[in-house]
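Notebook open, viewer running. I want to go through this one entry by entry and write down what I look up.

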Amino acid sequence: MGRNLGLLLGFCSLIVGVAVADWNILNQRIVENKNGMRITLKNYCEAWRINVELHNIRQFEVVPEECTEYIGKYMSSTQYRVDSEKALEECTIYLSNTFELTGDDKDAWIFDVDDTILSTVPYFKKHTHGGEKFNKTSYEEWVREGNAPALDHTMNLFNYIKGKGIKIFLVSSRGEHLRRATTDNLFKVGCTGWSGLLLRSNEDNGKTVQQYKAEQRKYLMSKGYRVWGMVGAQWTSLLGLPEAMRSFKLPNALYYIP
Ligand SMILES: *[C@@H]1O[C@H](CO)[C@@H](O)[C@H](O)[C@H]1NC(C)=O
């Protein structure tokens with residue numbers, strides 16, 4: 001046992017060693033900010049990232065060129081995973097403090113799909129980590145391949161919520177024409193047992209994501225569902241009335257969907 005642990009730790013420190021070397025490159029690049037303060041590129045880009053998460057920076061079309069490398073690294077880092085797990089742990093705490101199953105089958109939870117259940121990081125790896133303007137055509141080609149990996153941390157919460165007897169609805173701004181590809185991809189990664197996958201139909205085309213997603217919540221609530229909470233990776237997925245009882249935001253600074 002002791003020996004196995006030793007090997008495991010040795011292996012882990014090797015990985016950490018490589019990751020730290022990566023961050024160090026960003027740490028060594030010194031830039032001057034607007035106030036003439038000398039900071040590292042990592043400081044600069046982390047400030048950009050956190051302000052995206054705080055929803056102070058909105059409507060950005062591309063990740064600033066000098067930060068694409070940083071955002072790419074963050075999205076495949078241990079920190080990204082730990083940040084996501086922390087957000088999802090709060091869902092579990094919230095549910096264990098407040099939730100009681102009513103038994104009328106009307107308790108519900110909403111998940112986004114992209115960068116919530118399925119990761120788009122492999123797509124953005126090939127597209128400069130958000131540094132180029134979003135290309136719907138090539139993004140949809142990638143979606144049709146149906147090979148997006150699951151975000152394990154969200155799948156753990158998904159299964160926990162499912163186990164509580166709460167109905168799960170997936171609400172995505174992917175178009176109805178991507179239903180088959182999306183369903184196949186979800187099944188492939190073991191995401192099963194949800195009660196509905198709500199996608200954008202033609203009549204939703206003129207709407208902003210915020211408007212469309214709020215309307216989907218309204219629809220579910222009109223069917224009598226109590227939406228205990230929702231998890232998404234875009235502010236525009238979570239905001240707008242009616243809101244879920246609690247909204248949880250996962251980190252994602254690769255793109256902004258208006
Ligand atoms: C978007 O992607 C498609 C398919 O890969 C490509 O043919 C097209 O040139 C791209 N558009 C732009 C503006 O880059």
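Where does Gln59 lie? I found Gln59 in the loop between helix H2 (41–53) and helix H3 (68–75). Helices (H or I, at least four residues) and strands (E, at least two) are DSSP runs here, numbered from the N terminus.

**Ground rules**

I am working on a predicted model, where local features need pLDDT of at least 70 and side-chain atom pairs count only at pLDDT 80 or more, while totals for chains, interfaces and linings use all residues. Residues are numbered from 1 along each chain as its sequence is written.

I checked the backbone of Gln59 and got a phi near 55°, a positive value in a residue other than glycine. Asp115 also has a positive phi, near 60°. I keep in mind that most residues other than glycine have a negative phi, and most peptide bonds are trans.

Buried or exposed, then, for Gln59? Gln59 is exposed, because 8 other C-beta atoms lie within 10 Å. The scale I use calls a residue buried with 20 or more other C-beta atoms within 10 Å of its own, exposed with 12 or fewer, and partly exposed in between, with C-beta atoms placed from the backbone. Asp115 counts as buried, because it has 23 C-beta neighbours inside 10 Å. I located Asp115 in the loop between E3 and helix H5 (121–125).

**A cis bond**

I went looking at omega next. Leu241 and Pro242 are joined by a cis peptide bond, with omega about -5°. Pro242 sits in the loop between H10 and strand E7 (247–249).

**The strands**

I traced the pairing strand by strand, taking two strands as paired if DSSP finds at least two bridges between them. E3 and E4 run parallel and are joined by 4 bridges; in that pairing, Ala108 stands opposite Lys167 of E4. E3 is also joined to E6, again in parallel, by 5 bridges, and there Asp107 faces Arg226 of E6. From E6 I moved on to E7: 3 bridges, parallel, with Met230 opposite Ser247 of E7.

On E4 I also followed the pairing with E5: strand E4 (residues 167–175) and strand E5 (residues 196–200) are parallel over 4 bridges. The chain gets from E4 to E5 through helix H8 (residues 179–188), and this β-α-β crossover is right-handed. By that I mean that, with the strands pointing away from the viewer, the path from the first strand over the helix to the second runs clockwise. Two of the partners I noted are Phe169 with Gly196 of E5 and Gly175 with Arg200 of E5.

How many residues of E4 are buried? I counted 7 of its 9, so E4 is mostly covered. E6 has 6 of its 7 residues buried, so the rest of the structure largely encloses it.

**The cores**

Nonpolar side chains tend to be buried together in soluble globular proteins. I searched for nonpolar cores, meaning sets of buried Ala, Val, Leu, Ile, Met, Phe, Trp, Tyr and Cys residues joined through C-beta atoms within 7 Å. The largest has 33 residues, and Ala108, Ile110, Ile117 and Val227 have the most contacts inside it. Elements giving two or more residues to this core include helix H4 (78–98), strand E3 (107–111), helix H7 (152–163) and strand E6 (226–232). A second, separate core of 15 residues includes Tyr44, Val63, Leu254 and Tyr256.

I then listed what Ile110 touches, leaving out residues up to four places away in sequence: Phe169, Val171, Arg217, Val227, Met230 and Ala244. Contact here means C-beta atoms, placed from the backbone, within 7 Å.

**Around the ligand**

Which residues are around the ligand? I found Asn135, Thr137, Ser138 and Glu141, where a residue is near if its C-beta atom, placed from the backbone, lies within 6 Å.

**Last checks**

I looked up Gln210 in helix H9 (residues 209–222). Gln210 counts as partly exposed, because it has 18 C-beta neighbours inside 10 Å.

Key
Contact = placed C-beta atoms within 7 Å.
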